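Here is a short report on one protein chain. Look at the sequence and the 3D view before reading on.

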Amino acid sequence: MGEFVLKMPDVGEGVAEAELVEWHVKPGDPVREDMVLAAVMTDKATVEIPSPVSGKVIWLGAHVGDTVPVKAPLVRIETAGETGEPPPDSIPEALAEAVLEEPVAAAPTPIKENARPEPGRSASGEAPRPRQAPDVSAKPLASPAVRLRAKESGIDLRQVAGTGPAGRITHEDLDLFISRGPGPLPAQIGLVRKTAVEEVKIAGLRRRIAEKMSLSTSRIPHITYVEEVDMTALEDLRTTMNRDRKPDQPKLTILPFLMRALVKAVSEQPGINATFDDHAGVIHRHAAVHIGIATQTPAGLTVPVVRHAEARGIWDCAAELNRLAEAARTGTATRDELTGSTITISSLGALGGIVSTPVINHPEAAIVGVNKMATRPVWDGAQFVPRKMMNLSSSFDHRVIDGWDAATFVQRLKTLLETPALIFVEG
């Protein structure tokens, strides 16, 4: 028998460490080559780590939520061979430097072999999340090891309620299902007093969001400016363009128009499309317009970046926007697709509300927030007429952008959106 030590791989250029957000195996689990062992997060991108060998897991080197340095021992696998060394062509290139070395002193505290969580608690010690009725129509999320156990036990995973991230079914969920049986969860009758307090460890994407928001609000004095925009003409144009679009063209929402208007407005005020290095005391004004789009996903807020919006037409903006939004929602967006924005758009329009106070995506200098569009009566000088109105709530770094310049920028956006033909005028 041999032993194979998988070390934390280099999951991105310049990344020295990554946060462990999920284990897919536990000590004692059989694994096969290419089976996903764990998921780690760098910035806001989640990367799955596969096994280069087949064998049995005998040791895990970190807990969920731990920050693991690159090249720190992560998993030990007992293999059938003498040395545990996999065939050279079976090792993923990204993991090539991360194998067959002894543990280092800086390794995180290991998890005891064959350790089993206490009943009713997860492997990480966290209190269990409230259980929800399983969706029998959807394919359940579960690791291969859980699927194997369920298959061997003759259990349909669609009947098991998952308490892991995004409803993933854990071994503990399967244990509870086996002990309780396939019947429904006990129903609560009448009103009852509840005294339980659930402790939820902030980890993964939620921790990244918390750190980012704290950094932004602690370092940047925000100034927020709100203006209402008459979107009637733009909505008429959008309806026409969608009606006449080609089969290979995506359906246009308001965002591609706003992106093009934003490109035009920042070309006239380059100080808005900027990042501020306050340590060096330098403002970087960017010729490229890389627009971050704040996107809500099942895992939390992410900001995929439409790069070089200044070089994209409106249909191209819409197509790239759709592609990145889908990648963000499915957790397949890469690190490069989630970093490098120079200005951000945040849209809460679908949820209603007339004003928001968007938080600047540090170290950028501005963020544009979109509120819900609604038909309102507007006085045209002689009578009230129905117009499609929408508010823009925009925040600026007041250290480098004065209120006058912020208002000038928003007023220019207003003009472009209310007279959408100007968006398409060259120069």
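The text below covers the nonpolar cores and then an open sheet.

This is a predicted model, in which local features need pLDDT of at least 70 and side-chain atom pairs count only at pLDDT 80 or more, while totals for chains, interfaces and linings use all residues. Residues are numbered from 1 along each chain as its sequence is written, and side-chain values use heavy atoms, with hydrogens and water left out.

A nonpolar core is a set of buried Ala, Val, Leu, Ile, Met, Phe, Trp, Tyr and Cys residues joined through side-chain atoms within 4.5 Å; buried means under 20% relative accessible area (1.4 Å probe, protein chains only). The table lists two such cores.

| Core | Residues | Among its members |
|---|---|---|
| Largest | 44 residues | Leu 262, Ile 291, Phe 409, Leu 417 |
| Second, separate | 24 residues | Leu 6, Met 8, Leu 60, Leu 74 |

Contact means heavy atoms within 4.5 Å. Apart from neighbours within four places in sequence, Leu 417 is in contact with residues including Val 229, Phe 257 and Ile 423.

Four strands make an open sheet with antiparallel pairing, in the order S1-S8-S6-S3. Two strands pair if DSSP finds at least two bridges between them. Strand S1 (2-7) and strand S3 (30-31) are the edge strands, each pairing on one side only. S3 is joined to strand S6 (residues 55-60) by two bridges, and Pro 30 stands opposite Lys 56 in S6.

Technical notes. Buried means under 20% relative accessible area, exposed over 50%, partly exposed in between (1.4 Å probe, protein chains only).
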